[in-house]
Amino acid sequence: MSAALTVSSKQSKLLRFLRPQTPPNLSSLLRHLSAEPDHHLPGPPPQNDSPSVVTLVVELLQTTDNDWNEDKLHQLLFPTTSPPPPPHNLLQITRLLGSTAKALKFFNWVQANSPCQDSPLLSFTLEAVFEHASREPNSHNKLLDLFKTSKSHKIPLSVNAATLLIRCFGRAQMVDESFLVYNELCPSRRLTHVRNILIDVLFRKGRVDDALHLLDEMLQPKAEFPPNSNTGHIVFSALSKRDKVGRAVDEEEIVGLVSKFAEHEVFPNSIWLTQLISRLCRSGRTDRAWDVLHGLMKLGGVMEAASCNALLTALGRAREFKRMNTLLAEMKEMDIQPNVVTFGILINHLCKFRRVDEALEVFEKMNGGESNGFLVEPDVITYNTLIDGLCKVGRQEEGLGLVERMRSQPRCMPNTVTYNCLIDGYCKASMIEAARELFDQMNKDGVPPNVVTLNTLVDGMCKHGRINGAVEFFNEMQGKGLKGNAVTYTALIRAFCNVNNIEKAMELFDEMLEAGCSPDAIVYYTLISGLSQAGKLDRASFVLSKMKEAGFSPDIVSFNVLINGFCRKNKLDEAYEMLKEMENAGIKPDGVTYNTLISHFSKTGDFSTAHRLMKKMVKEGLVPTVVTYGALIHAYCLNGNLDEAMKIFRDMSSTSKVPPNTVIYNILINSLCRKNQVDLALSLMDDMKVKGVKPNTNTFNAMFKGLQEKNWLSKAFELMDRMIEHACNPDYITMEILTEWLSAVGETAKLKSFVQGYEVSASAA
């Protein structure tokens, strides 16, 4: 080694800002944090008197703060008759000095007095100096100065010194300096452990590409320093963090890394592998997830049920039950013990797709244990899933049977969810009394009902016309401390709106607000619709304003309901305001909006505006529907303009892709017959037959009226036969027209045959 590292002006400045900090008893903790595992270079075995030499030197250095007895120190450390001390001794002595200043002073003395200038002696002593400096305030700056000084004097870093510097610089956001330390390290000392620390720093600071580049060297087939389990933990943990900094690593890159790690027999743990499988499945790459899992199985990776469960969940959603069974068989072959979640996933997805019998088979195999190679006891969730599946296909009694089996197992007693599934099943089957009996049984068993229980029964009673009973039950539950939520009130409000009891609906809405239950958007939509249909537009507008105050935006349906209500009341200004508000909210008018406006303007005789709206509708990319054409045709007919109505009808039949339906034919036939244009009406009847549009009772009634005016009996008899042919039952209007007409002309026998369903036109006069 060249001239000793004396305390030059630069070093004197360095000594001034170094202050003693941590007492010696923390040195073992520091070594554990900064230098694990111990990567010191091998040295000669410790001499028998090494401990006493270390003790004597430390006592000598600590008793004299300013001037050391250098002769005695030299005699202890570098006696002329003995070889130099082991590097470990100098490392131990320096660590015990208690301050960075003393450690650096000792280092300078060693450099100046060592007879052989042995690099390990200086490297190990400097390592201890770094350890002392790392405990100082602003340690990163002090360490950087020390590192630069050591570099300028070409003192090689020990492995532990390098790892300490890389960590400290990394914590201080000095990533480039961490890289510099790594590059200064002798290539033979760039061990896997050192690389792991640098990769961890790079990932934490968002330097993803640099981390992957360094990792790539380790992942080469014949790498000198291949990855170990710690490498895998660092990399997989970094890539799985949701709040990680730096560029995102796509799924294909991650899969590639997993494969390369596996070639070095390093596998992701169960948690991380499960996250990867789930991530691939969520992005629609279930086949890739399958390949990854099976690739790791073939390479000998230890698999657990959790990773397989993630793949089973995705296969279930895709209805790939065959592959689910294949995976279960492979789990058995590889001694991967499925857990209750595994079977729960299979049962859940079979039930979701109404394959309840297969779900029952899985459940029985699960209980069978030994015969299937698995021994898994079903839990409450498994039972509840199966009971819910049975109830959803109307097999409530079998669900009740499973409840009895649950009671026979102490750890599987029925809970609130169990009863909720059954009550919901009976409500949907219109068996409200049975549902109430179950609710009573639930209370007897000491199972507490929750808001889902309340909502299920309230909704069931409302939908089956027992609204008053639903209100009574709701009030009873509130009295017992079970409060309703937005779903409860929505069910009741909708029920009262449907029976046009708007006052009660509004009363419930006010009660909801007073109870501190925040209405959701559905409550507001329900009320707006009910009030608008009842013609209470002012109150509907009030609810709309409340809805906006609550932070909800009206949807297209709400706007359309209000616009329709205002049009019916002929309040065009308000309808226009709704349109403007709708556009300001970024909601474009849809077909319903245009049809509502076209219908209104057509009915009021403003056909130019109606046609303008229709053109705008087409321009906006919306296709006019049969409702659009029907509104115009009906309005023209009401205005007596049959020519224009027929023109639109012909345009509709020839140029439009929207075929006329029975309603449109009925409008035209009725109007033509009223105008005594029965021939044209009959031609439309023939057109209906050609185009496969089925006439209804209203169609025939309109024609019978027209034919009666003309007294065209033969045509009437033909239509009576067609009516029988179409299984179109006559109503009281049909019978009134035909009874009056046929009685007057003496054809009551024909009328009797018609009523009895026999052909009448064969013997027509």
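How many of the 13 residues of H17 are buried? The count is 10, and helix H17 is mostly covered. The close-ups below come from a predicted model, in which local features need pLDDT of at least 70, side-chain atom pairs count only at pLDDT 80 or more, and totals for chains, interfaces and linings use all residues. Residues are numbered from 1 along each chain as its sequence is written, and side-chain values use heavy atoms, with hydrogens and water left out.

**View 1. Helix H17 and its cover.** H17 runs over residues 305-317. Helices here are DSSP runs of H or I with at least four residues, numbered from the N terminus. The 13 residues of H17 reach 18 Å from first C-alpha to last, close to the 18 Å expected at 1.5 Å a residue. The expected span is 1.5 Å times one less than the number of residues. Buried means under 20% relative accessible area, exposed means over 50%, and partly exposed lies in between (1.4 Å probe, protein chains only). Among the buried residues of H17 are Ser307, Cys308, Asn309, Leu311 and Leu315. The buried set packs against helix H15 (270-282), H16, helix H18 (321-333) and H19; contact means heavy atoms within 4.5 Å. Just after H17, Arg319 takes a positive phi of about 60°.

**View 2. Thr286 in helix H16.** Thr286 sits in H16, which covers residues 286-298. Its relative accessibility is 14%, so Thr286 counts as buried. Setting aside residues up to four places away in sequence, Thr286 touches Leu280, Cys281, Leu311, Ala314 and Leu315. Glu549 lies elsewhere: its C-alpha is 44 Å from that of Thr286, and the two are 263 residues apart in sequence.

**View 3. Phe236 in helix H13.** Phe236 belongs to H13, residues 229-240. With a relative accessible area of 4%, Phe236 is buried. Its contacts, not counting residues up to four places away in sequence, are Val258, Phe261, Phe267, Pro268 and Trp272. Ala681 is 445 residues from Phe236 along the chain, and their C-alpha atoms are separated by 78 Å.

**View 4. Tyr665 in helix H37.** Tyr665 is part of H37, residues 662-674. At 0% relative accessibility, Tyr665 counts as buried. Which residues touch Tyr665, leaving aside its neighbours within four places in sequence? They are Phe649, Pro660, Leu684, Asp687, Met688, Lys691 and Val693.

**View 5. Helix H38 against helix H39.** H38 (residues 678-691) and H39 (residues 697-710) pack at an angle of about 150°, with axes 10 Å apart. Axes are lines fitted to C-alpha atoms over the stretch in contact, and angles run from 0 to 180 degrees between N-to-C directions. From H38 come Val678, Ala681, Leu682, Met685 and Met688; from H39, Thr699, Phe700, Met703, Gly706, Leu707 and Lys710. This contact divides into eight nonpolar, two polar and one charged residue. Ala, Val, Leu, Ile, Met, Phe, Trp, Tyr, Cys and Pro count as nonpolar, Asp, Glu, Lys and Arg as charged, and the others, Gly among them, as polar.

View 6. H40 has 13 residues, which should span 18 Å at 1.5 Å a residue; its end C-alpha atoms are 18 Å apart, which agrees. Its buried residues include Leu713, Phe717, Asp721 and Arg722. Their cover includes H38, H39, H41 and helix H42 (748-756). Ala727 follows H40, with a positive phi near 55°. Ala727 lies in the loop between H40 (713-725) and helix H41 (732-744). At 62% relative accessibility, Ala727 counts as exposed.

**View 7. Arg354 in a loop.** Arg354 lies between helix H19 (340-352) and helix H20 (356-368). Its phi is near 60°, a positive value in a residue other than glycine. Arg354 is partly exposed, with a relative accessible area of 49%.

**View 8. Cysteines without a bond.** The structure holds zero disulfides. A disulfide is counted as a pair of cysteine sulfur atoms within 2.5 Å. Cys497 is buried at 12% relative accessibility, whereas Cys186 is partly exposed at 37%.

How values were computed. Helices (H or I, at least four residues) and strands (E, at least two) are DSSP runs, numbered from the N terminus.
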